[in-house]
Amino acid sequence: MSKTTVTVNENYALSDEQKSRLKKLAAMPDEAIDYSDIPPLPDDIVINADRVGYYKPVKKQVTIKLDADILQWLKSSGKGYQTRLNAILRQSMLSALQDSH
């Protein structure tokens, strides 16, 4: 699998034609969209989809109590221990979701 990063030019302006096309698409009901050339995705593909860069979940601030050794282990790799903890929990959640299907 390869990963591509795209940088969007913030100064890019849409043409009037592009704005018009987007407006028409936004107004189109879902039932009017032709999906016949797109095969359905199996559930296991959707569950394991790479969400990085496409999906940014809302972060909630919480207070938790961790065993001291677990916190020390998380912090031992340097900055970003909360992000690492979140990634560990997400991996566990996705594994549990996959096992339940």
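Gln18 is partly exposed, with a relative accessible area of 30%; residues count as buried under 20%, exposed over 50% and partly exposed in between, for a 1.4 Å probe and protein chains only. This residue lies in helix H1 (residues 16-27). Leaving aside residues up to four places away in sequence, Gln18 touches Tyr12 and Ala13, contact being defined by heavy atoms within 4.5 Å.

The model is predicted: local features need pLDDT of at least 70 and side-chain atom pairs count only at pLDDT 80 or more, whereas totals for chains, interfaces and linings use all residues. Residues are numbered from 1 along each chain as its sequence is written, and side-chain values use heavy atoms, without hydrogens and water.

The protein chain contains 4 helices and 0 strands, assigned as DSSP runs (H or I of at least four residues for helices, E of at least two for strands) numbered from the N terminus. Of its 101 residues, 4% count as buried.

Helix H3 (residues 68-75) and helix H4 (residues 81-99) cross at roughly 110°, with axes that come within 8 Å. Axes are lines fitted to C-alpha atoms over the stretch in contact, with angles from 0 to 180 degrees between N-to-C directions. H3 and H4 are therefore roughly perpendicular to each other, a class that covers 65 to 115 degrees. Leu71, Trp73, Leu74 and Lys75 of H3 meet Tyr81, Arg84, Leu85 and Ile88 of H4. By class, this contact has 6 nonpolar, no polar and 2 charged residues.

The charged end of Lys75 sits over the ring of Tyr81, 5.0 Å from its centre; the criterion is NZ of Lys or CZ of Arg within 6 Å of the ring centre and within 35 degrees of the ring normal.

Notes:
Angles under 35 degrees count as roughly parallel, over 145 as roughly antiparallel, 65 to 115 as roughly perpendicular and the rest as oblique. Ala, Val, Leu, Ile, Met, Phe, Trp, Tyr, Cys and Pro count as nonpolar, Asp, Glu, Lys and Arg as charged, and the others, Gly among them, as polar.
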